[in-house]
Amino acid sequence: AILTRALERAEKSANESVPARYTARHTNRTLHLNGSGEASEEHLDVYRIRPVDGEAFYELLERDGRAATERDLREEAKRRQRFRDHFDSEADLAQETGHGLALTPAVLERYDFELAGRHPLLGWALEFRPKDAELPVRRRVDQVLNRIAGTLWIDTEDFGLTRAEFSLHEPVRIWAGLLGSLTRFEGRFEQVRLAPGHWLPSEMRLEMDGWAPFHSLRRRVELDWTGYEPVR
């Protein structure tokens, strides 16, 4: 019953284009880590979120401390178009491009859930784990989604997602290991309520460890959404 109400809340937010009702600032910091866990390379992108055609559009402003160039903007447009061509919905696109975590039936049907308690601030705690049945793999990201477990917290008043914590419970081999593997992947995602029923991302933290041909995948990703203002 809690999941049903949470899905209804998420779908209502999407149908009413709630994210496009606000402007905000979004930062995406990626740290490449060495064998000691220290940052050997850092990249920082800064975006302005604004409504475009009823959708929340992430407009690139800065890349690594400098204003975005025409080339940066062209590359960003191509990257987003590739994702749009690859994913079935805007919810899939949002999750893959780091624009939040969306509750959808396609995501939730992968897992078994168990009510684990109630937090006075975060709401109901729902532990989840992958179903025992063979789960579909239609996209590369499905290989990760099919092997993570964790906890969702759902607000007790209006059933918005307040927090999610998740981690990989077994290594993932990408294309039978030919394209690399992921041995560790864990993260935390949080949302903030801006108005009744209006839940939007506030931060996401991801850590991963693995390898791909010719380079390591040991990284830390820090995503932040700040300065929300309603569109006048």
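User: What should I know before I start?

Analyst: This is a predicted model, where local features need pLDDT of at least 70, side-chain atom pairs count only at pLDDT 80 or more, and totals for chains, interfaces and linings use all residues. Residues are numbered from 1 along each chain as its sequence is written, and side-chain values use heavy atoms, with hydrogens and water left out.

User: How many salt bridges does a search of the whole structure find?

Analyst: Start with the idea. Side chains of opposite charge can pair when their charged atoms come close. A salt bridge here is a side-chain nitrogen of Lys or Arg within 4 Å of a carboxyl oxygen of Asp or Glu. The whole structure holds 25 of them. One joins Arg63 to Asp72, with the closest N and O atoms 3.9 Å apart.

User: Are Arg63 and Asp72 buried or exposed?

Analyst: Buried means under 20% relative accessible area, exposed over 50%, and partly exposed in between (1.4 Å probe, protein chains only). Arg63 has 15% relative accessibility, so it counts as buried. Asp72 is buried too, at 6%.

User: Which parts of the chain does the salt bridge between Glu203 and Arg188 link?

Analyst: Their side chains meet at 2.1 Å, N to O. Glu203 sits in strand β11 (residues 198-212) and Arg188 in strand β10 (residues 181-195), 15 residues apart. Helices (H or I, at least four residues) and strands (E, at least two) are DSSP runs, numbered from the N terminus. Glu203 is buried at 19%, while Arg188 is partly exposed at 26%.

User: How do I read helix α1?

Analyst: Check its span, then its buried side. The expected span is 1.5 Å times one less than the number of residues. Helix α1 (residues 2-15) has 14 residues and reaches 20 Å from its first C-alpha to its last, close to the 20 Å expected. In α1, Ile2, Ala6, Leu7 and Ser13 are buried. They cover an arc of only 130° around the axis, so they lie on the same side of α1. That arc is taken from the directions from the helix axis to the C-beta atoms. Their cover includes α4 (105-108), β5, β6 and β7 (148-154). Just after α1, Ser17 takes a positive phi of about 50°.

User: Which residues touch the most other members of the largest nonpolar core?

Analyst: In soluble globular proteins, nonpolar side chains tend to be buried together. A nonpolar core is a set of buried Ala, Val, Leu, Ile, Met, Phe, Trp, Tyr and Cys residues joined through side-chain atoms within 4.5 Å. The largest has 39 residues, and Leu103, Ile148, Ile154, Phe185 and Trp225 touch the most other members. Contact means heavy atoms within 4.5 Å. Beyond its neighbours within four places in sequence, Leu103 is in contact with residues including Ala6 and Leu7.

User: What are the aromatic pairs like?

Analyst: Rings of Phe, Tyr and Trp (its six-membered ring) pair if their centres lie within 6.5 Å; planes under 30 degrees apart count as stacked, over 60 as edge-to-face and the rest as tilted. The search finds eight pairs. Tyr111 and Phe113 are edge-to-face, 6.4 Å centre to centre with 85° between the planes. Trp124 and Phe159 are stacked, at 5.6 Å and 25°. Trp124 lies in strand β6, and Phe159 in the loop between β7 and β8 (161-168), 35 residues apart. Tyr111 and Phe113 also form one aromatic cluster with Phe128.
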